[in-house]
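Work through the exercises below with the sequence and the model at hand. Each task is followed by a solution in steps.

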Amino acid sequence: MARVSSLLSFSLTLLIFFHGYAAQQAQQAQQAQQGQQFPNECQLDQLNALEPSHVLKSEAGRIEVWDHHAPQLRCSGVSFARYIIESKGLYLPSFFNTAKLSFVAKGRGLMGKVIPGCAETFQDSSEFQPRGGEQFEGQGEEGQGQGQGERQRFRDMHQKVEHIRSGDTIATTPGVAQWFYNDGQQPLVIVSVFDLASHQNQLDRNPRPFYLAGNNPQGQVWLQGREQQPQKNIFNGFEPEVIAQALKINLQTAQKLQNQEDNRGNIVRVEGPFGVIRPPLRGQRPQEGDDDDEGRHGRHGNGLEETICSARSTDNLDDPSRTDVYKPQLGYISILNSYDLPILRFIRLSALRGSIRQNAMVLPQWNANANAILYVTDGEAQIQIVNDNGNRVFDGQVSQGQLIAIPQGFSVVKRATSNRFQWVEFKTNANAQINTLAGRTSVLRGLPLEVITNGFQISPEEARRVKFNTLETTLTHSSGPASYERPRVAAA
């Protein structure tokens, strides 16, 4: 009996050992595979100002996509796209596999998002007017068993629609369908960063749009193997009979939802007025019947309106009243993080908006806990970036429409070379932090003079100048070295 017990114990120990060894080998194989797929992806010895690599043309605009396989974007774990929507152009609803942070670079328009499980809180004033003998518009045969007096008719009701304008920053969570409409006269330009490395992306590191309407005749040219395959909308994959049964519509209408013969792309032109329920613009008085708070925000709730459904997802970074750093003779910088827009805590992204005049400089700094994607919205600047090896990996001009990634810890300095240089930075942390190399709150200012003297082998007087000459914190003049002999008094 003792021998059987010993053999059983030994067998169990051996089984546990082999199970642990097999798990360890599998983990090592997975790590090795990941290492082969992205070997030293952040060992960057050279950065470049990037232009779009693919252009997807549509009837009323185009989508420009950057190559997310570029080393600096792959290191940052993001992809980038620019949407150019012409006047009366409608970007049809789609959703992505990962979080997205967008910035309206030019123009104005409307935006709508459909959040799963939330009520249609935008309803027109003629909603639910009884009309005996009629059923709900579009209602199928199931509704015919209801009493004639209970049948009512309504025009429309939908989820929230927002006015957007230049400077707006828009946070969008994965899987949330979103659409845009340009109701202005000039093109509506929106740039977006997609966080492919996010924990919410359960697929691979590729941006994957899912179209609810429309199509992409050119295909997902950025995906290997999909270059020559036209991308259809989701309805196209189902049998028309299934769509007809699910939506309780006839077969002909179900086939139209598949857009099989539609080659307009994903940005289409709206003919005639665009009659969605929308709030009045700021400063306008609501029309009669629109000031009913209960009617606009919905009579029937599902218990989530004060959390997910009503979460604010837009903030304007061009609003002068919310500037964080402001010097009239130099420029301004505005920061948007989860303290300003709480939804950013969920998607783990943030943004910075900058505008500086000619010869103004943003003091050398680095991102302590985030990668940054810098997109130029106007003007030109000279930028230098230094990597972890102490090498200058970028030293050149950037201009409107160009993009450059600044990896975590890489130090960067910007100097405007045109009358005005404006940019937006998307950062891969909800509360990105920066450290500066010069200025009143810099790392040098926090070091003892003895450390500076011995670390750089300079005299105590030189160490004092290094530590105390720059009194600004963020923005300064980029004048010649001769002007640095005496400290200057500054407020920002």
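The largest nonpolar core has 27 residues, and I356, I385 and F421 have the most contacts inside it. A nonpolar core is a set of buried Ala, Val, Leu, Ile, Met, Phe, Trp, Tyr and Cys residues joined through side-chain atoms within 4.5 Å; buried means under 20% relative accessible area, with a 1.4 Å probe and protein chains only. This is a predicted model, where local features need pLDDT of at least 70 and side-chain atom pairs count only at pLDDT 80 or more, while totals for chains, interfaces and linings use all residues. Residues are numbered from 1 along each chain as its sequence is written, and side-chain values use heavy atoms, without hydrogens and water.

**Exercise 1.** Find which residues I356 touches, leaving out those up to four places away in sequence.

*Solution.* Contact means heavy atoms within 4.5 Å. Among the residues that I356 touches are L330, V362, F421 and L475. Apart from this core lies another one, of 26 residues, including L73 and V424.

**Exercise 2.** Give the strand order of the open sheet of six strands.

*Solution.* Strands are DSSP runs (E, at least two residues), numbered from the N terminus, and two strands pair if DSSP finds at least two bridges between them.
1. The order is β18-β19-β20-β27-β22-β25, with antiparallel pairing.
2. β18 (325-327) and β25 (403-406) are the edge strands, each pairing on one side only.
3. β18 and β19 (residues 331-336) pair over three bridges; K327 has G331 in β19 as its bridge partner.

Definitions and conventions:
Helices (H or I, at least four residues) and strands (E, at least two) are DSSP runs, numbered from the N terminus. Buried means under 20% relative accessible area, exposed over 50%, partly exposed in between (1.4 Å probe, protein chains only).
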